[in-house]
Structure formats: C-alpha cells, structure tokens
Amino acid sequence: MLQPVLIDDLRRLLVLADHERLTDAAAALRMSQPTLSRLLARVEDQLGARLFERDARGVHVNPLGDVVLAAARDITARYDQLEHDLATLLDPDSGTVRLAFLDSMATSLVPRILHDFRSVAPHTRVSLRQEPGHEILRDLAAGVAELAITSPRPPGPHGWLPLQRQRLVLVVPAGSPLAGRRRIGLAEVADEDVVTVPAGFGFRSLVDELFAAAGVAPRVAFEIGDLATIEGLVGSGLGVALVPEQFAGASGTVGVPLATDGAARVVGLTWRTDRDLAPAAGRFREFLRAAGSFD
C-alpha cells in the first residue's frame, strides 16, 4: 500500500529528473547532496518502487519513475492551480461575492447597489442568484450564497443590515373608481378581488397582517410570485394589489396611498452569523454598511 508523499517532495523529484545528477539537482534545490539522496530513498520507500537508476554518470529515470513523474507533474500543476484559484477567490479586491436577492429587487435596488459597488471595487466579481425568499435561506444555509438582499429579516442565525424602507400602496386599474382617492383604508376593498404572492412568501405574510389589522379577509383571485407580474394583472383589470410604491404605474395602474400607518416593507442584507464571510463578501457588506440607506 502506498504511503503519502509530500507535494514538495514530488517537486524535488522533478528537479532531479531534469538535472540527472544529484550534485546539480541539490544545488538547484539549495540543499546538500546527502539530504537529496535521503529524500530520494525515502520517497522510493514510500511508493514501494525504485524510480531512478544510479551509475557513474548520475541518476536516470526508469520506467516506474516515468509513471511517477508523469503523475507528479499533473499533481503539482493542479495544486498550483488550486492555490491560484483560492487566492483569487479570497482576495477582497479580486475575489467573488456570491449574492442572492429577491425577484422584486431585480430592476431597482440590486442594479443600483452593484453600480455603486463596482465604482469602488472594479475587479471584484459578483455572482448573482435571483430567487424567492425560502430558496435564499436554503442557499445561505448550504453556502451556495454568502449574502442576500431580502425581506423580511429572517429568523435564526442571520445578521441583518437594513437597506431600504419601501412604502406600500394599493394599486388599482386606471379606470377604477378608487383611482382618484388620495388615501384608502383596506376595509374599503373588502369586496375587491386581490392579486398577491402565494402563501409562504415573506411578502404574503406582510399583506395578510395588514388586511387582518383592518379586519378584512382578502378575496384572493390570483397568486404569483413576481410583484411586477402582479402589477400587470391589476393593470389588466383583474383585481387590486398591495405592492411597494415603485411598482405602481408600470402597466397603467394607479398607486393609492394607504391610510394604514407603517404600511411598508424593510429590505435588508442578511448573512449567516455562524460562519465567517470570505474577504470579498465582507468587503461588500462593509461597503453597504458605510453607504447607509438606499431609500
């Protein structure tokens, strides 16, 4: 059975094969000839095979040595590539940030953040994952993502940095009698069809809480996980919806302010607190911390 061999010893064998003389190889490696001789004997013992033939002219690789040296070249090259790849990933200036974010951030907050971050870290790569909140938490737990822009603040071992407070409005079709209202209470839309995200989404919990506080059981007509699509369905006359204010009007809808105090969602950056962030991800977090609010 083979015994482990140090990668540095494989490198030394390659130098010895190139020089074919112990004296010359030892000088190139800056070690004594006896030390190199002992190293060669040790490696041959570890591998259980004679690799070099010795004669008066020096040392020469035999067929078994050819097999070992071919593997040594491959192993050392792959190890050098591993060192390079890790150094690149772990460099705060040229590493990679693995960032997940909610679909509803795709056209507003995330592009703004990435534009600002690139101006201060042009060589840092940001790998993006656009997905629902429950998938974001799963990817953070698995280490697929290091940071996430989401809402609401997740429970458990997650850090939280608030980034933006988004006021909610009731979007209605342009021709609706409600479109001319300056403010509206949710109790006034008890008989309206509602378009919203499916149960289990963080935003749906917020919507349900607001309707419950108004004493209304919403009559949900359509459910879809994308807020832009929800606004489009409302624009087609298929109901009304609660969405962040920036989504209103894209499909000809009208956003009516709510009479409900505190009707907003807070979007923030989150990460796992039970593990350390890679340097590039840590730099991204500190950039956002220094940037302050994106309201």
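1. Let's start with a pair of charged side chains. Arg-11 and Asp-8 form a salt bridge, with 3.7 Å between nitrogen and oxygen. Please keep in mind as you look that this is a predicted model. Both partners sit in helix H1, which spans residues 7-19, and being three residues apart puts about one helical turn between them. In general, an α-helix has 3.6 residues a turn, so residues three or four places apart point the same way. Arg-11 is partly exposed, at 26% relative accessible area, and Asp-8 is partly exposed too, at 44%.

2. Arg-275 and Asp-274 are joined by a salt bridge of 3.7 Å, N to O. Arg-275 is partly exposed, with 35% relative accessibility, and Asp-274 is partly exposed, with 45%. Elsewhere, salt bridges link Arg-129, Glu-131, Arg-138 and Asp-139 into a network. How many salt bridges does a search of the whole structure find? The search finds 21.

3. Next, please turn to helix H7. This helix covers residues 202-213, twelve residues in all, and runs 17 Å from its first C-alpha to its last. That is close to the 16 Å expected at 1.5 Å a residue. Which residues of H7 are buried? They are Phe-203, Arg-204, Leu-206, Val-207, Leu-210 and Phe-211. Looking down the axis of H7, you will see these buried residues fall within an arc of 160 degrees, so they line one face of the helix. On the other side of H7 you can find Glu-209, Ala-212 and Ala-213, which are exposed.

4. What covers the buried residues of H7? The cover includes strands E6 (158-172), E7 (193-196), E8 (219-223), E9 (241-244) and E11 (264-272), along with helix H8 (227-235). Following H7 comes Gly-215, which has a positive phi near 75 degrees. Glu-188 is partly exposed, at 43% relative accessibility. The C-alpha atoms of Glu-188 and Ala-214 are 9.3 Å apart, although 26 residues separate the two along the chain.

5. Now for the inside. The largest nonpolar core has 30 residues, and those touching the most other members are Leu-170, Phe-211, Leu-242, Val-243 and Leu-258. E6, E7, H7, H8 and E9 each supply at least two residues of this core. There is also a second, separate core of 28 residues, with Phe-101, Met-105, Leu-109 and Val-110 among them. Beyond residues up to four places away in sequence, Val-243 touches Arg-167, Leu-168, Val-169, Val-171, Phe-203, Leu-227 and Ile-230.

6. Val-171 is buried, with a relative accessible area of 0%. Setting aside neighbours within four places in sequence, Val-171 is in contact with Val-234, Val-240, Ala-241, Val-243, Ala-248, Thr-253, Val-254 and Gly-255.

7. Finally, find Asn-62. Where is this residue placed? Asn-62 is in the loop between strand E2 (58-61) and helix H4 (63-90). With 8% relative accessibility, Asn-62 counts as buried, because the cut-off for that label is under 20%. Its side chain reaches the backbone oxygen of Arg-50 at 2.8 Å. Not counting residues up to four places away in sequence, Asn-62 touches Arg-50, Leu-51, Phe-52 and Glu-53.

Technical notes
Residues numbered from 1 in each chain as written. Predicted model: local features only at pLDDT ≥ 70, side-chain atom pairs only at ≥ 80, totals over all residues. Heavy atoms only, no water. Helix = DSSP H or I, 4+ residues; strand = E, 2+ residues; numbered from the N terminus. Expected span 1.5 Å × (residues − 1). Buried < 20%, exposed > 50% of the residue type's maximum accessible area, 1.4 Å probe, protein only. Arc of directions from axis to C-beta. Contact = heavy atoms within 4.5 Å. Core = buried A, V, L, I, M, F, W, Y, C linked by side-chain atoms within 4.5 Å. Polar contact = N/O pair within 3.5 Å; in protein donor to acceptor, adjacent residues only side chain to side chain. Salt bridge = Lys/Arg side-chain N within 4 Å of Asp/Glu carboxyl O.
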